Amino acid sequence: PVLDTEDAWVSVEGPVSIVELALEQKRIHYPLVEHQFVLCTILYAIMRFSLKSVKPLSLFDSKGKNAFFKDLTSIQLLPSGDMDPNVLSIRQQFLVKVVSAAVQTLCSSEKAKEVSEEELFPFEKGKNWPTLAVDLAQYLQISEDVVKRHHVCELYSYGMDHLGEE
């Protein structure tokens, strides 16, 4: 991009401006950043719901694992459409656990009205974990319908029929 500067600023001496430094930076490889975001979301879900026995890196194949340790400006080989059925099964189990934990948390917060979930986790106001799990399903190559059906089944099993019907 072309930056127009006023004549008064041309003769100024000193450190390089932050705009010039930003323009000199290499461009990032967006799919790699998106891949990192998926890992961060997975780690946050594991922490938020205290999911036991989940190994986050087991949700990725060898190409996906290698991509985590590369520079964001490098163009890496990311997982393709063909995935190992075992990895897909582990991913599906993880998403089902997240949905189950989210519904269980919702039910327990409704039963214990003295402390709302928003007071415990104010930065999560408006966060819908089942919807986030459906979004993750797209990135993890899992059928969204499986996650949605499990969410509805969980709502019915916890007696939240009105939400399950929606």
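User: How does helix 3 pass helix 7, left-handed or right-handed?
Analyst: The crossing is left-handed. Keep in mind that this is a predicted model.

User: Where do the two helices sit in the chain, and at what angle do the axes cross?
Analyst: Helix 3 covers residues 30–49 and helix 7 covers residues 129–139. Their axes cross at roughly 145°. They come within 11 Å.

User: Which residues meet there?
Analyst: From helix 3, E34, V38, T41, I42, Y44, A45, R48 and F49. From helix 7, W129, L132, L136 and Y139.

User: What classes are they, for the contact of helix 3 with helix 7?
Analyst: Nine are nonpolar, one is polar and two are charged.

User: Switching to rings. How many aromatic pairs are there in the whole structure?
Analyst: A search finds three. One of them is Y44 with W129, and that pair is stacked. The centres are 5.5 Å apart, with 25° between the planes.

User: What does that pair tie together?
Analyst: Y44 lies in helix 3 and W129 in helix 7, so the pair links parts that are 85 residues apart in sequence.

User: Is W129 buried or exposed?
Analyst: W129 is buried, at 5% relative accessible area. Y44 is partly exposed, at 22%.

User: And the rings of F60 and F68, why is that pair edge-to-face?
Analyst: Their planes stand at 85°, and over 60 counts as edge-to-face. The ring centres are 4.9 Å apart.

User: Are F60 and F68 buried or exposed?
Analyst: F60 is buried, with a relative accessible area of 4%. F68 also counts as buried, at 9%.

User: Which residues form the aromatic cluster?
Analyst: Y44, F49 and W129 form one cluster. Y44, F49 and W129 are also among the residues where helix 3 meets helix 7.

User: New topic, the largest nonpolar core. Which residues touch the most other members?
Analyst: I42, L51, F60, F94, L95 and V98. The core has 29 residues.

User: Which helices supply at least two residues of this core?
Analyst: Helix 3, helix 5, helix 7 and helix 8 each do. Helix 5 runs over 85–111 and helix 8 over 144–157. The largest share, eight residues, comes from helix 5.

User: What is L51 in contact with, leaving aside its neighbours within four places in sequence?
Analyst: L51 is in contact with A45, I46, F94, K97, V98 and A101. F94 and V98 are, like L51, among the core residues that touch the most other members.

Methods. Residues are numbered from 1 along each chain as its sequence is written. This is a predicted model: local features need pLDDT of at least 70, side-chain atom pairs count only at pLDDT 80 or more; totals for chains, interfaces and linings use all residues. Side-chain values use heavy atoms; hydrogens and water are left out. Axes are lines fitted to C-alpha atoms, for helices over the stretch in contact, and angles run from 0 to 180 degrees between N-to-C directions. Helices (H or I, at least four residues) and strands (E, at least two) are DSSP runs, numbered from the N terminus. A crossing is left-handed if the near helix is turned anticlockwise from the far one by less than a right angle, and right-handed if clockwise. Contact means heavy atoms within 4.5 Å. Ala, Val, Leu, Ile, Met, Phe, Trp, Tyr, Cys and Pro count as nonpolar, Asp, Glu, Lys and Arg as charged, and the others, Gly among them, as polar. Rings of Phe, Tyr and Trp (its six-membered ring) pair if their centres lie within 6.5 Å; planes under 30 degrees apart count as stacked, over 60 as edge-to-face and the rest as tilted. Buried means under 20% relative accessible area, exposed over 50%, partly exposed in between (1.4 Å probe, protein chains only). A nonpolar core is a set of buried Ala, Val, Leu, Ile, Met, Phe, Trp, Tyr and Cys residues joined through side-chain atoms within 4.5 Å.
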